[in-house]
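This briefing is meant to be read beside the sequence and the 3D view.

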Amino acid sequence: MFTAIQIKEMMDAEPFKPFRIHLSDGKSYEVQNHDAALVSRNSVEIGVHPDPDGIAERFVNCAIMHITQIEEMQAA
């Protein structure tokens, strides 16, 4: 099980390494940069479908208790 602190550490890493969050319902979301998500005590808000300027189409709320895997990705 993951914690908010572990995810926050990944968000604050220098240099930042993109990662994918997998959820218990089978969905997954990519976090491409440190501005793409916001970590709270029990959830992560992830901006999805960013345009070329990095502006998210919308945000999804991912409960930390439903995160099953965090996978490091290749830098874009």
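**Salt bridges, sheet and a buried glycine**

K8 has a relative accessibility of 41% and therefore counts as partly exposed, a class that lies between buried (under 20% relative accessible area) and exposed (over 50%), as computed with a 1.4 Å probe on protein chains only. The model is a predicted one, in which local features need pLDDT of at least 70 and side-chain atom pairs count only at pLDDT 80 or more, while totals for chains, interfaces and linings use all residues. Residues are numbered from 1 along each chain as its sequence is written, and side-chain values use heavy atoms, with hydrogens and water left out.

**Confidence**

- The mean pLDDT (the predictor's confidence in each residue, from 0 to 100) of the protein is 94, and 97% of its residues reach 70 or more.
- Confidence is highest in strand β1 (residues 19–23), at a mean of 98, and lowest in strand β2 (residues 28–31), at 96; helices (H or I, at least four residues) and strands (E, at least two) are DSSP runs, numbered from the N terminus.

**Salt bridges**

- The count comes to four salt bridges, each defined as a side-chain nitrogen of Lys or Arg within 4 Å of a carboxyl oxygen of Asp or Glu.
- K8 forms a salt bridge with D12, at 3.1 Å from N to O, and both residues lie in helix α1 (residues 4–12), four residues apart, which is about one turn of the helix.
- D12, the partner of K8, is partly exposed at 46% relative accessibility.
- E71 and R20 also meet in a salt bridge, with their closest N and O atoms 3.1 Å apart; because E71 lies in strand β6 (residues 67–72) and R20 in strand β1, this pair ties together parts that are 51 residues apart in sequence.
- E71 has a relative accessible area of 28%, and so is partly exposed.
- R58 and E57 form a salt bridge through their side chains, at 3.9 Å from N to O; R58 is partly exposed, with a relative accessible area of 41%, whereas E57 is exposed, at 57%.
- Salt bridges that share partners join R20, E30 and E71 into one network.

**Sheet and helix**

- Three strands form an open sheet in the order β2-β1-β6, with antiparallel pairing, where two strands pair if DSSP finds at least two bridges between them.
- At the edges of this sheet stand β2 and β6, each with a single partner strand, so one side of each is left without a neighbour in the sheet.
- From one strand to the next, the twist averages 20°; axes are lines fitted to C-alpha atoms, for helices over the stretch in contact, and angles run from 0 to 180 degrees between N-to-C directions.
- The antiparallel pairing of β1 with β6 extends over five bridges, and F19 stands opposite E72 in β6.
- Helix α1 lies across β1, β2 and β6, and runs at about 20° to β6.

- G47 lies in strand β4 (residues 43–48) and counts as buried, because its relative accessibility is 13%.
- Leaving aside neighbours within four places in sequence, G47 is in contact (heavy atoms within 4.5 Å) with E30, A36, A56, R58 and F59.
- The C-alpha atoms of G47 and H34 are 11 Å apart in space, and the two residues are 13 residues apart in sequence.
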